[in-house]
Amino acid sequence: MFPRLVLLEIRDSGFRGHLLKGDEPLPLSLVAPMPALTCRDGFPLEKEAIGDLVGDLLLNEKVLEAYVLAALPFSASHWRVLVNPFRTPPDDPVDELRQMDPALSLPFSLKDAYLDLYPLPGKEEQLLLVASEAKLVDAWIDVFRLAGVKLERLAPAQGCLLAALADELAGSPDDELTAFLWPEEAGCLLWFFHRGVPVFEKLLPPELPDLLKQMNVALEFYHRQEPGLRRLRLLQATLHEEQDKLEQALEVTAELIGSDPYGSLVLKGLAVKGGGR
């Protein structure tokens, strides 16, 4: 009998998640708003209050004994694409990179961070680094300890999104730029991918015309870096309330990336990475 797994997405505004039955999620039943003023920019300010909420959430669904796979808030982590810095593959690449501590313009040292390294499809010479400040991750570990639950893994949301988008990004042509729009609580996340590799990120205003103005500035900037680009592909997690205007202005038809049956691309990617798929 395999232990039961719970997928849980953490956001500043609350939690949402699933209980996995085998490899399939049960209906989205784990939903709870975050108590006011307890979480800001991905950091749990009131660990006991949030721990009580998590414990009650799992207890009410009779899954307190399950192992929890949780995704950190997007704002809790930072990513960089690295040219593979290792002359020979080290036994522990994360520890080796932490000791090297290259200058990456992060708001903290790699020595004070938890690191995740992801291979990029078809790019053996490149790695995606996602770093989360250690004191933030340790605070969330404390939250789950106070909740009395078994925390199996804390994953960065960026890695989960990349896993959820992997099939869509595979085989992207050299002359195509893929733009991904994902609604976040503080705005709309814009992520550019070129040849399947993340190359640009910016949080945009959620409404038109400001979203379009800033997105066009970003497109012009990146096109100057890669003048050989000829096509734009637009991926979205959900339709914008002014979708027609958005597509007309960008002269492109958007492709919706489904998250069913998980209800969230972060949860879908979390299941791919940690649920045995």
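Five strands form an open sheet in the order 14-13-12-15-16, with mixed pairing. Strand 14 (197-204) and strand 16 (255-256) are the edge strands, and each pairs on one side only. The model is predicted. A search of the whole structure finds 13 salt bridges. Two peptide bonds described below are cis: L208 to P209 and D260 to P261.

**The sheet**

- Strand 12 (residues 176-184) and strand 13 (residues 187-194) run antiparallel.
- Eight bridges join strand 12 to strand 13.
- T178 has its bridge partner in strand 13, and that partner is F193.

- E168 and R233 meet through their side chains in a salt bridge, at 3.0 Å from N to O. This pair links distant parts of the chain, with E168 in helix 4 (residues 157-169) and R233 in strand 15 (residues 231-236), 65 residues apart.
- D174 forms a salt bridge with R195, and the closest N and O atoms are 3.3 Å apart. Here too the pair links distant parts of the chain, 21 residues apart. D174 lies in the loop between helix 4 and strand 12, and R195 lies in the loop between strand 13 and strand 14.
- D174 counts as exposed, at 53% relative accessibility. R195 counts as partly exposed, at 32%.

**A salt-bridge network**

- E9, R11, R16, E184 and E185 belong to one network, joined by salt bridges that share partners.
- Within this group, E9 forms a salt bridge with R11, and the closest N and O atoms are 3.4 Å apart.
- E9 is buried, with a relative accessible area of 2%. R11 also counts as buried, at 16% relative accessibility.

**A negative surface patch**

- E46, E48, D52 and D56 form a negative surface patch.
- One of these residues, D56, sits in helix 1 (residues 47-60).

**Cis peptide bonds**

- The peptide bond from L208 to P209 is cis, with omega near 5°. P209 is placed in the loop between strand 14 and helix 5 (210-225).
- The peptide bond from D260 to P261 is cis, with omega near 0°. P261 is placed in the loop between strand 16 and helix 7 (265-274).

**Positive phi outside glycine**

- L37 is not a glycine, yet its phi is positive, at about 60°. L37 is found in the loop between strand 4 (30-33) and strand 5 (39-40).
- L37 is exposed, with a relative accessible area of 79%.
- D41 is another residue other than glycine with a positive phi, near 55°. D41 is found in the loop between strand 5 and strand 6 (43-44).
- D41 counts as exposed, at 54% relative accessibility.

Methods:
Residues numbered from 1 in each chain as written. Predicted model: local features only at pLDDT ≥ 70, side-chain atom pairs only at ≥ 80, totals over all residues. Heavy atoms only, no water. Patch = residues over 30% accessible without salt bridge, like charges linked within 9 Å, V, L, I, M, F, W, Y side chains within 5 Å. Areas by Shrake-Rupley, 256 points an atom, 1.4 Å probe, with all protein chains shown as cover. Salt bridge = Lys/Arg side-chain N within 4 Å of Asp/Glu carboxyl O. Lys, Arg positive; Asp, Glu negative; His and termini not counted. Charge placed at Lys NZ, Arg CZ, Asp CG, Glu CD. Helix = DSSP H or I, 4+ residues; strand = E, 2+ residues; numbered from the N terminus. Pairing = 2+ DSSP bridges. Buried < 20%, exposed > 50% of the residue type's maximum accessible area, 1.4 Å probe, protein only.
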